[in-house]
Amino acid sequence: MPKVLTDDQITFYRENGYLAPLDGVDPVDTAAMCDDLEAFECDEGVLASSIVVKGHLCFRRSYEFSRHPVILDVVEDLIGPNIMALSSRFWMKPGKDGSFVSWHQDSAYFGLDPHELVTVWLALTDSKPENGCVRVIPGTHRGKSYSHVETFDEKNLLARGQSIDDIDDSGAVDLTLNAGQFSCHHERIVHGSAANDTDAMRIGIGIFYFPAHVKSTLGRRPADLVRGVDERGHWDADPAPTEDRDARILAHVREAGKRYTDPQYRQEAETV
Ligand SMILES: O=C(O)CCC(=O)C(=O)O
């Protein structure tokens, strides 16, 4: 018996590989999260988008978002009650600077088996076609696994510029969200986003959830149990932050991020 989704929504997700829009958190809290990111950038002198792995562990508010019952009830209806967060990422797309996200499948580099991960993309600002919202190609999660090239294009927000070169995107769908709403997409769906043609920054946080029975194909690594139990013990536990911008966690994710974006490592570089 699903907790919050209708049978039709679950069937839609299974057939199409995505679901949107869903009401998530209070827009007051998403605006406060944007302020947190701005304050972080001022204080630390680095872009918040440089946190390319496990951003949810870095701020009190993003940690709370990753455990938000409204979000987790939806995730539970899609993947079951024992839920782990593999990683997360603040997707910050400045206005009119040409940044984009190439077509890709997350399954090509997350190193999971089986592919049951669902990404929750929570809009911290409105996200719409004009400012380069996430786009998906429905049904591709049921199709082939594409090979990806790593372009390291500096305008590509993907850490390694992972791109599917040749794909028919005529059926792509825009996932339009108001701040506080979220979308879900399957690990194997082909997705990406175009440039932001407005003057204002578009921001979201993508949180990558998988059921605890899924195994890592990249050796043992940590993940964050956000609901239920990890009965199989395939994963180590992520450290829990003890405060906002916990120095120990920031150092850890920075180091891991460097490795993840370093061209000398393989595409399936560990996501900490
Ligand atoms: O934020 C974007 O434009 C792309 C997001 C994405 O690729 C993801 O959440 O997996």
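Two strands pair if DSSP finds at least two bridges between them. Helices (H or I, at least four residues) and strands (E, at least two) are DSSP runs, numbered from the N terminus. This is a predicted model, in which local features need pLDDT of at least 70 and side-chain atom pairs count only at pLDDT 80 or more, while totals for chains, interfaces and linings use all residues. Residues are numbered from 1 along each chain as its sequence is written.

Two bridges connect strand β6 (residues 134–137) with β9 in the antiparallel sense, and Val 136 stands opposite Val 173 in β9. Both strands belong to an open sheet of four strands, with the order β3-β11-β6-β9 and antiparallel pairing. At the edges stand β3 (101–104) and β9 (173–174), each with a single partner strand, so one side of each is left without a neighbour in the sheet.

## The enclosed strand β10

All six residues of strand β10 (residues 181–186) are buried, so β10 is largely enclosed by the rest of the structure. A residue is buried if 20 or more other C-beta atoms, placed from the backbone, lie within 10 Å of its own. One side of β10 holds Gln 181, Ser 183 and His 185, and the other holds Phe 182, Cys 184 and His 186.

Strand β1 (residues 18–23) pairs with β10 over four antiparallel bridges, and Leu 22 stands opposite Phe 182. Five bridges join β10 to β5, also antiparallel, and Trp 121 stands opposite Ser 183.

Methods:
A residue is buried if 20 or more other C-beta atoms lie within 10 Å of its own, exposed if 12 or fewer, and partly exposed in between; C-beta atoms are placed from the backbone.
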